[in-house]
Amino acid sequence: MKKVQLITALLAILAMVTAPAMAQEESGFKKIDVRKDFTENGFQWFHDAELLAAGNREKSNAMTIGWGGIGTLWGRTALTVYVAEKRYTKEFMDQADYFTVMAFGVEHGNVLRYMGTKSGRNEDKAAALGLHTAYTANGTPYYTEAEMVIECKIMYAAPFDAQYFKSDVPRNMYANFPAGVHSMYIGEVVNAWKKEQDK
């Protein structure tokens with residue numbers, strides 16, 4: 001009897017691990033290795049605006065971001081994002097172990113505009129846009145309409161400290177910036193998926 005229970009438990013665990021991957025495949029995503037398959041210009045990618053999401057299956061939020069960095073840190077493939085103090089998404093980032101960064105095609109330009117001008121405190125932005133929320137095996141939210149999803153495990157998080165500003169660039173930035181000083185979140189890239197293009 002114990003052997004049957006053990007097998008049943010192992011099958012249940014396997015189903016939990018594979019279900020998100022199957023759901024991603026059903027949404028047209030294919031798993032990629034960012035070291036080999038990420039072909040975007042890292043200096044331009046965030047400038048073009050991406051979507052950042054954090055939270056869990058009970059509650060999550062997303063926002064448009066135009067700042068970020070891609071590279072290597074502490075021997076890990078890393079992605080860095082920045083969230084201002086008064087942004088609703090910051091509450092989710094501060095409680096999260098993981099976050100996702102999503103790229104959208106030009107046909108979804110309204111998504112980035114809407115997510116960048118509306119607050120999740122006042123409405124469910126994903127629902128307003130008709131986006132479908134899905135979750136990775138780690139429970140990190142993303143939208144199935146994205147064309148690429150990068151999932152990161154947070155390694156470091158801290159707000160900028162004005163005493164360490166070495167030029168007028170950040171000083172001028174925050175002199176009249178109502179959303180407050182940004183926090184930096186450095187994440188290790190643990191998963192990435194890209195939509196398979198129609199042939």
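Q: Is arginine 76 buried, exposed or partly exposed? What's its class?
A: Partly exposed: arginine 76 has 42% relative accessibility. Buried means under 20% relative accessible area, exposed over 50%, and partly exposed in between (1.4 Å probe, protein chains only). This is a predicted model, where local features need pLDDT of at least 70, side-chain atom pairs count only at pLDDT 80 or more, and totals for chains, interfaces and linings use all residues. Residues are numbered from 1 along each chain as its sequence is written, and side-chain values use heavy atoms, with hydrogens and water left out.

Q: What does arginine 76 form a salt bridge with?
A: Glutamate 188, with the closest N and O atoms 3.4 Å apart. The pair links distant parts of the chain, 112 residues apart. Arginine 76 is in strand 5 (residues 76–84) and glutamate 188 in strand 10 (residues 182–195).

Q: What counts as a salt bridge here?
A: A side-chain nitrogen of Lys or Arg within 4 Å of a carboxyl oxygen of Asp or Glu. Helices (H or I, at least four residues) and strands (E, at least two) are DSSP runs, numbered from the N terminus.

Q: And glutamate 188, buried or exposed?
A: Glutamate 188 counts as buried, because its relative accessibility is 19%.

Q: How many salt bridges by that rule?
A: Four.

Q: Which residue does lysine 90 meet in a salt bridge?
A: Aspartate 94, at 2.7 Å, N to O. Both lie in helix 3 (residues 88–95), four residues apart, about one turn of the helix.

Q: Lysine 90 first. Buried or exposed?
A: Buried, at 15% relative accessibility. Aspartate 94 is partly exposed, at 45%.

Q: Switching to helix 6. Which residue pairs with aspartate 168 in a salt bridge?
A: Arginine 171, the closest N and O atoms being 3.0 Å apart. Helix 6 (residues 168–175) holds both, three residues apart, about one turn of the helix.

Q: What are the relative accessible areas of that pair?
A: Aspartate 168 has 46%, and arginine 171 has 40%. Aspartate 168 is partly exposed, and so is arginine 171.

Q: New topic. Which residues form the nonpolar patch on the surface?
A: Trp74, Met155 and Tyr156, with about 320 Å² of accessible area together. Patches take residues with over 30% relative accessible area and no salt bridge; like charges are joined within 9 Å, nonpolar side chains (Val, Leu, Ile, Met, Phe, Trp, Tyr) within 5 Å. Accessible areas come from the Shrake-Rupley method with a 1.4 Å probe, and for residues only the protein chains shown count as cover.

Q: Where is tyrosine 156 found?
A: In strand 9 (residues 148–159). Tyrosine 156 is partly exposed, at 37% relative accessible area.
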